[in-house]
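This report describes a protein structure in plain terms. Please look at the sequence and the model below before reading on.

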Amino acid sequence: MTVAGTADTVPSNAASPDTTRRGAPRRRGGRAGRGYPLYLVPGAVLFLAVIAVPFGMNVWISLNRWQGIGPMTWVGLGNYRRLLADSVFWSSFWHNVLLIVAMAVLPTALGLVVAAALFDYVGKRFGARTASVLRACIYLPQVMPLAVMGVVWGWILAPREGVLNSVLRDLGLGSLAHDWLGDPKTALYSIMGVLVWIQLGFPLVVFMAGLQRIDPALYEAAELDGASWARRFRHVTVPQIRPEFYVVLLMTTIAALKAFAPIYVLTRGGPGYSTDIPSYFSYQNFFEKTQVGYGAATATVLAAITLVIAAVFVTVQFRRQDEEG
Amino acid sequence: MLTTGRARRSTRLAAALAAGAIAAATLTACSSSGGGSSSSKVLKLWHYEAADSAMGIAWNQAIKDFEGSHPGVTVKVETKTFEQLQKTAPMVLNSRDAPDILEYNKGNATAGLLSKQGLLTDLTPQVAQYGWDKKLSASIAVTSRYANGIMGSGGWYGIPNYAEFAMVYYNADLFEKYGVAVPKTFAEFTAAMDAFVKKGITPLANAGAEYPAQQYLYDLALTKAAPAWVTAYQTGGKADFHDAAWTYAANTLADWVKKGYIAKDSVSLKATDMGNAFESGKSPMMVSGSWWYGTFESEIKNFRWDTFLWPGSGLVPGSGGNLWVVPSNSKNKQLAYDFINTTLQKDVQDLIANKGAVAVAANPADVTDPKAKELVEHYNTLAASGGLGFYPDWPTPGFYDTLTAATQDLMNGKDPNSVLSSLQTAYRQGLTQ
């Protein structure tokens, strides 16, 4: 949205020719400038109420031992020391790394290939309509409620009457039938499979939008030079949609770090602790064990890690853009 | 779009102010309709029993009785879910929106915690006044009384209407078909399971992702335990998970999975899956609580089923049921006490019993349903011998999750000794909070 002020400060921008014709805003620039901070108020209030204050409270709680009601006991960094020594927390952390693979790395890589295939091959062979129908189908899991998908996948992966095992048995592959979510060796990988299916749609949609932005002349030139599809993909497509690439990777990584619902609906961290992740670990301590301080410490560590990762991503992205542009 | 800077800005400001004013007005309206309007003639009651369950039916009767004996008073029932109350009760009871009376979960982690924080009314004077303690046996009263949040002694903070206990449900048709005798001793019990395994049938229905598996573990521990052991574990904070009872339980559960008494692929199943396995006639036996009784009575039509108490054990998992509690912020305490008293009257209690739950103050002679009669008899056997061993997840908040993880590990073949060590660590950590 372009507010009046933006035009005041950048009147020469070619995108708004009528500004210069009417001429007036430029002279009023000085006085109008004083009004701008007002526009920051709603955002600042929201930020304070929804992010800053709760975050501060969370840090404060994490320095105490507290049952959620009643008096707090100051323990300083005691909860953090306990966290460092808690093997369940560290294993949950490792599971979260695998979730990043399932929710960010794999969907981004796959999304790129599928987007290129839909845009380049399906779109050109079978028409744009077919490509967008397929895109919508792949995007569908993104708009379905996770709770519903969790229940459905729970049925599919169920050990006895589950669809997957029934299909395997019907195909004569009964020996592969398995208690997918009940065996610690397969539970996390089964969840990862479900997450790739859920996540794929988001990178796909963003990448397809990105592909439409690329100047067709680049492809034509590459084709004239005799570049194969694979080489065009590597030397034209990938570098051109690098901004989308960063955005997708950042957003899906953060989504993976704060993932909660898939674990909650599918396994509740089990069997044993084999699919536990920090967000669920924090929730359990917070609400079920009423060890609120300890749960808050977990949440604080998780927030700190998310911030660091986001900062690294954004820095790398800006540096790249500076180098390129 | 970029025309008149100032005019536009002031319009926007006005719009924003107007929007803010509307929002503020709406909020005020909401808050004024939300509170304040409490009349002393309305008893605000919360519970989480299904309308067609024994308790749901009996409590509807109690409400009718109560409104009849208290002209001008209406009972406003709000049905909550168990999880909803579990997670929000401390906050709600601390606010102005607290109900006058509610059903709440018994145990240290729930009613105990709230009583310790001063959110519940101490009902001790009313217990004496109405004579409730004469209707509730000593083992039932354990979960009603809390001293500094620990059950077993101290003031009365809740009154149950029913009791619960675990027993073995069995499919009489399957026993007959395979020529297996109903076991009377523990040896006969395992022999019966061996007989089913030989026929290729998994004898016990189970669910590893929820409470059933941990109750098997606890059932096994109780076979080697005395009441003093239960007290040390539940309220004394002195459990030793490497003692004879727990070691036997963990090793035996692991062994039962290996022998095929319990299916290995039940690790990820939920309690309803277990119930379905029994109801569909696939499992000859299922060990679980009396809360299944009413459901089975109404839903199992195509085979004969019956029950027996876990053989060879003086103790089984069980306790008084969930409690009526009166929040400290209740605005109609006297009406709440009267309502509790109504639920302990004969007609309400007999209704609970006849609908397939274990009424705490029903007279077996008045129970007409033959199956319900059997349930009351089981309960009287246990109550007479002090045989209710409570539930394994009670000692500390969140121990349920720890036990679920531990039994899943056991079923998946993890070393029982290390599983018991992890239980010991969590138990100690829970107690120091």
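In chain B, B:Y170 stands opposite B:M285, a residue of strand 10. B:L204 also stands opposite B:M285. Strands here, like helices, are DSSP runs numbered from the N terminus: a strand (E) has at least two residues and a helix (H or I) at least four. This is a predicted model, in which local features need pLDDT of at least 70 and side-chain atom pairs count only at pLDDT 80 or more, while totals for chains, interfaces and linings use all residues. Residues are numbered from 1 along each chain as its sequence is written, chains are lettered from A and ligands numbered from 1 in the order in which they are written, and side-chain values use heavy atoms, with hydrogens and water left out.

**Strand 10 of chain B**

Strand 10 covers residues 285-289 of chain B, and 5 of its 5 residues are buried. Buried means under 20% relative accessible area, exposed means over 50%, and partly exposed lies in between (1.4 Å probe, protein chains only). Strand 8 (residues 162-171) of chain B pairs with strand 10 of chain B over 5 bridges, in the antiparallel sense. Strand 9 (residues 204-205) of chain B is joined to strand 10 of chain B by 2 bridges, and these two strands run parallel. Two strands count as paired if DSSP finds at least two bridges between them. Strands of a sheet pair through backbone hydrogen bonds, either parallel or antiparallel.

**Two open sheets in chain B**

One open sheet of chain B has 3 strands in the order 5-4-6, with antiparallel pairing. Its edge strands are strand 5 (150-151) and strand 6 (155-156), each of which pairs on one side only. Strand 4 (residues 145-147) of chain B is joined to strand 5 of chain B by 2 bridges. The bridge partner of B:Y146 is B:M151 in strand 5 of chain B. Helix 4 (residues 108-116) of chain B packs on this sheet and touches strand 4 and strand 5 of chain B. The direction of helix 4 makes about 60° with that of strand 4 of chain B. Contact means heavy atoms within 4.5 Å. Axes are lines fitted to C-alpha atoms, for helices over the stretch in contact, and angles run from 0 to 180 degrees between N-to-C directions.

Another open sheet of chain B has 5 strands in the order 2-1-3-13-7, and its pairing is mixed. Strand 2 (74-79) and strand 7 (159-160) of chain B are its edge strands. Strand 7 of chain B runs antiparallel to strand 13 (residues 323-325) of chain B, with 2 bridges between them. B:P160 stands opposite B:L323 in strand 13 of chain B. Helix 2 (residues 54-69) of chain B packs on this sheet, touching strand 1 (42-47), strand 2, strand 3 (101-104) and strand 13 of chain B. The direction of helix 2 makes about 160° with that of strand 2 of chain B.

**Helix 4 of chain B**

Why is helix 4 of chain B largely enclosed by the rest of the structure? The reason is that 7 of its 9 residues are buried. Among them are B:N108, B:T110 and B:L113. The buried residues of helix 4 pack against several elements of chain B, including helix 3 (82-93), helix 10 (227-234) and strand 13. After helix 4 of chain B comes B:G118, whose phi is positive, near 75°.

**Single residues**

A:T252 lies in helix 15 (residues 242-257) of chain A. A:T252 is buried, with a relative accessible area of 1%. Leaving aside neighbours within four places in sequence, A:T252 is in contact with A:M103, A:A104, A:T108, A:Q199 and A:F202.

B:D194 belongs to helix 8 (residues 186-198) of chain B. B:D194 is partly exposed, with a relative accessible area of 33%. The C-alpha atoms of B:D194 and B:G386 are separated by 31 Å, and the two residues are 192 residues apart along the chain.

The C-alpha atoms of chain B fill a box of roughly 90 × 65 × 45 Å, taken along the principal axes.
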